[in-house]
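Subject: Structure handover

Hello,

Here is the structure for your files.

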Number of protein chains: 2
Amino acid sequence: MTATKVTAELADWIVGLEASVIPAEVRKEGVRTFVNWVGCAVGGARHETVDCALAAVEPFSGPRQATVLGRGEKLDALHAALLNGITSHVLDYDDTHLKTIIHPAGPVASALMALAEIRPLSGHDLLTALIVGVEVECRIGNAVYPDHYDRGWHITGTAGVFGAAAAVGRAIGLDAQKMRWALGLAATQSAGLREMFGTMTKSFHPGRAAQNGAMAAFLAEAGFDSSEQVLEAPRGFAKVMSDKQDYGEIIDGLGIRWEAALNSYKPFACGIVIHPTIDGCQQIRAEIAARVAEIEKVHLIAHPLVLELTGKTAPKTGLEAKFSVYHAAACALLRGDGAPTAFTDEVVNSPEIVALRDRVKATADPACHEASVSIEVTFQDGSTLKKHVERTLGSRERPLSDDQLETKFMNQAKLVIGEAPSRALLDLAWTIEDIDRAAAVAAASVPAAKLRNAAV
Amino acid sequence: MTATKVTAELADWIVGLEASVIPAEVRKEGVRTFVNWVGCAVGGARHETVDCALAAVEPFSGPRQATVLGRGEKLDALHAALLNGITSHVLDYDDTHLKTIIHPAGPVASALMALAEIRPLSGHDLLTALIVGVEVECRIGNAVYPDHYDRGWHITGTAGVFGAAAAVGRAIGLDAQKMRWALGLAATQSAGLREMFGTMTKSFHPGRAAQNGAMAAFLAEAGFDSSEQVLEAPRGFAKVMSDKQDYGEIIDGLGIRWEAALNSYKPFACGIVIHPTIDGCQQIRAEIAARVAEIEKVHLIAHPLVLELTGKTAPKTGLEAKFSVYHAAACALLRGDGAPTAFTDEVVNSPEIVALRDRVKATADPACHEASVSIEVTFQDGSTLKKHVERTLGSRERPLSDDQLETKFMNQAKLVIGEAPSRALLDLAWTIEDIDRAAAVAAASVPAAKLRNAAV
């Protein structure tokens with residue numbers, strides 16, 4: 001296909017799409033995306049990373065317009081977008097577009113929820129904009145993946161900023177030209193290095209993508225002009241940041257093929273390539289029960305990306321442990337845990353976990369699918385047990401059910417805001433399409449007691 | 001050299017440098033850098049680009065801590081850094097590190113001046129931090145230029161963010177570890193595409209670099225951790241954003257070889273590759289006076305980059321005309337003008353200018369130096385006149401004198417804040433090293449009358 005008009009065609013679609021033509025199953029997946037995002041934002045709200053970010057930005061925050069979900073603090077909408085993007089990603093427990101490893105909701109929903117607190121936005125319109133934003137970032141991701149990612153870009157940040165700009169731009173009613181500018185302003189802020197994995201800065205990426213994408217839309221709204229062909233230009237996003245440019249992925253079948261319908265939700269709070277291992281180790285634990293204490297060693301045969309991304313053999317912190325398939329296997333076998341509680345500094349350094357972790361070996365096998373793993377456990381008596389996971393829980397073939405999403409939501413949210421407020425928030429989030437003011441979700445994420453405590 | 005410890009060595013130098021060892025000539029060039037930056041920030045303050053940016057960010061601004069130089073508005077320090085980075089670059093009249101085409105002061109001085117309004121900062125310490133920040137961004141630029149720039153990155157944005165982080169980080173007293181984090185946080189925000197040239201978004205880049213670099217320093221101060229080897233890591237800045245990585249350019253001869261001493265200042269308000277042409281055309285005009293009306297055609301022989309960067313044959317706006325060597329030649333011949341007044345929408349569309357512009361031809365010659373040009377003017381009677389510029393005004397061989405810097409400062413600042421306040425501001429800027437509170441410069445950039453008008 002020719003490389004002309006890519007940005008223009010995409011912008012036309014973003015601003016012109018009739019919400020009514022979005023298929024019901026796409027909207028349903030949009031609701032699941034939203035529910036999962038709310039749970040993750042609340043679940044991550046008390047993380048040390050968030051405390052540090054808040055301390056840094058508080059002195060510069062504008063009017064207290066928008067809520068940091070799950071906390072009492074309010075910030076101006078741009079900073080709230082940043083913080084909610086951080087909270088919803090910091091536990092590595094969010095959603096995943098498996099074709100690109102983009103975590104779609106963080107950049108987009110964080111920007112939209114902050115917007116909803118400063119301008120009238122119904123739940124129905126928020127959901128439409130969320131679906132559009134997710135579609136845009138995943139399509140742009142498809143156009144450059146895997147080269148772009150292999151080069152070292154954290155694609156949730158680099159593609160996410162387009163999703164946030166598209167979503168906010170649509171929600172505030174940009175015309176097609178201003179939408180092209182917004183995409184240009186998004187592209188010129190596209191950033192985020194994979195080098196940051198294992199540090200607080202990883203979750204800064206979806207946060208900044210949300211904030212920068214919203215900023216792009218607001219600048220365009222104010223008449224701040226930009227390139228109108230940033231995706232396909234000779235010095236545009238795709239050429240500068242990737243050796244692969246498949247523009248058909250961006251504009252072919254818009255409104256027919258829906259990337260937003262392919263979103264998936266993490267069952268475990270860590271890098272997605274570890275998930276087959278945790279799934280398999282949990283299954284083994286369920287089968288052998290008390291014999292976990294007799295395990296001599298563990299051998300994993302996994303996709304090469306598992307070792308490339310999560311090969312940390314001796315993690316010292318919870319954040320580092322999210323990039324250690326060795327820790328994850330040990331923790332799943334000994335405690336059955338793959339939730340955020342499996343990735344605390346304390347658990348990572350517990351002698352029992354460390355002892356087993358050091359006896360886990362992993363081998364890369366290019367023939368192994370990314371969603372698969374083969375596990376061999378050897379016991380002290382020399383006997384062995386093998387487990388093959390063909391497709392992990394959370395994959396497209398074994399998606400989390402609505403019930404499992406609810407359990408995941410509750411398990412993380414209740415630790416932050418308590419059981420009853422979490423249940424009320426969950427119920428409200430499921431009804432997003434029927435809410436007159438989407439901002440009600442942000443308000444419901446903060447129990448009254450927390451609001452009082454945080455009052456300045 | 002090995003690629004280890006690049007970030008660590010640079011961070012050690014940034015935090016450990018004794019101001020007293022900076023050579024006098026380096027400090028002197030630092031003062032000239034500062035003076036030129038103040039003039040450009042005030043000179044650009046009323047540009048439409050700035051109005052649009054202000055309209056977009058005003059609703060989100062925090063406490064009115066810091067000044068948009070040359071205007072009455074105050075914003076929180078981060079947004080003030082953004083705006084001053086925009087104002088100081090929007091006329092394309094700022095400073096240039098010729099080896100990398102980085103415009104060094106915009107990202108660094110804009111961040112520091114905003115900082116000076118929220119924390120105690122003497123003029124002496126501001127100047128030291130400015131020199132350090134400029135040194136850091138230019139060295140990092142050297143390490144990846146030209147590949148990085150050729151690929152399409154606007155290096156003032158991508159390298160500038162490091163300069164701002166280093167300068168602010170030093171000024172607020174980060175220790176070496178936090179400085180490494182600040183550099184990591186800067187790298188992961190490094191962005192800006194050359195595709196934006198000719199639009200408002202070009203000047204957004206130094207502004208955002210200033211804001212993002214300051215943010216990086218403040219996040220690191222608050223304990224927000226990051227990679228500690230972002231410059232040299234396999235997925236770090238240099239590897240991801242360039243095919244060239246010359247780490248020696250970053251850490252060899254720190255404190256001995258000073259890139260900050262190589263700064264130059266634009267005599268004309270446009271892309272630097274056009275400068276030889278304007279210089280030569282002004283010389284021709286001075287020689288032939290009224291005969292400019294008899295010019296039939298003009299032929300330029302210039303470096304290939306001139307056509308690549310500034311080959312717009314029919315610019316419609318002032319911003320576009322900064323990327324048209326044809327417009328620049330016509331305007332210099334007919335009006336003798338290369339100042340911001342040569343790049344207004346009105347002048348660009350004046351029939352007289354358009355008529356001559358369309359009769360300017362340019363040929364690329366790889367043998368021609370970037371700072372040179374050969375001009376042949378043919379008159380209606382068939383006679384010709386040739387002019388060769390060996391090195392343009394503003395080059396390292398023909399730097400602007402202090403007097404010429406003063407004239408440049410006054411010519412742009414007086415249009416915005418008037419003659420007497422401009423003179424007072426200029427005098428104050430020259431004495432930056434002796435000022436107890438550097439913030440006094442920001443205050444002096446706004447005449448009392450403007451302050452009253454802008455009071456909210």
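The notes below go from the overall chain to the pairing of chains, and then to local backbone features.

This is a predicted model, in which local features need pLDDT of at least 70 and side-chain atom pairs count only at pLDDT 80 or more, while totals for chains, interfaces and linings use all residues. Residues are numbered from 1 along each chain as its sequence is written, and chains are lettered from A and ligands numbered from 1 in the order in which they are written.

Overall chain

The secondary structure of chain A amounts to 23 helices and eight strands; helices (H or I, at least four residues) and strands (E, at least two) are DSSP runs, numbered from the N terminus. The C-alpha trace of chain A spans about 70 × 55 × 40 Å along its principal axes.

Of the 456 residues of chain A, 61% count as buried. Here a residue is buried if 20 or more other C-beta atoms lie within 10 Å of its own, exposed if 12 or fewer, and partly exposed in between, with C-beta atoms placed from the backbone. Taking contacts in chain A between residues at least 6 apart in sequence, 79% join residues at least 24 apart. Two residues are in contact if their C-beta atoms, placed from the backbone, lie within 7 Å.

Domains of chain A

Chain A is divided into domain 1 (6-265) and domain 2 (272-389), with bounds from an automatic or database domain assignment. The centres of the two domains of chain A, taken over C-alpha atoms, are separated by 32 Å. Domain 1 of chain A puts nine residues into the contact and domain 2 of chain A puts in six residues. By class, the domain 1 side has four nonpolar, four polar and one charged residues. Ala, Val, Leu, Ile, Met, Phe, Trp, Tyr, Cys and Pro count as nonpolar, Asp, Glu, Lys and Arg as charged, and the others, Gly among them, as polar.

The two chains

Between the chains, 44 residues of chain A are in contact with 46 residues of chain B. Helices of chain A that each supply at least two residues to this side include H3 (48-57), H4 (77-90) and H12 (237-241). H11(A) gives the most, with five residues. The side of chain A that touches chain B has 21 nonpolar, 15 polar and eight charged residues.

The same surface serves both copies, since 100% of the contact residues of chain A recur in chain B.

Helix H9 of chain B

H9(B) (residues 160-171) has 12 residues and reaches 17 Å from its first C-alpha to its last, close to the 16 Å expected at 1.5 Å a residue. The expected span is 1.5 Å times one less than the number of residues. H9(B) is mostly covered, with 12 of its 12 residues buried; among them are Phe162(B) and Arg170(B). The cover includes H5, H6 and helix H10 (176-187) of chain B. Gly173(B), with a positive phi near 80°, follows H9(B).

Backbone points to check

Most residues other than glycine have a negative phi, and most peptide bonds are trans. The peptide bond from Tyr145(A) to Pro146(A) is cis, with omega near 10°, and Pro146(A) is in the loop between H6 (123-144) and H7 (147-151) of chain A. Tyr145(B) and Pro146(B) are also joined by a cis peptide bond, with omega about 5°.

Ala289(A) has a positive phi near 50° and lies in the loop between H14 (275-288) and E5 (295-302) of chain A. Ala289(A) is exposed, with 8 other C-beta atoms within 10 Å. Ile101(B) has a positive phi of about 60° in the loop between E3 (95-97) and H5 (105-116) of chain B. Ile101(B) is buried, with 20 other C-beta atoms within 10 Å.

Regards
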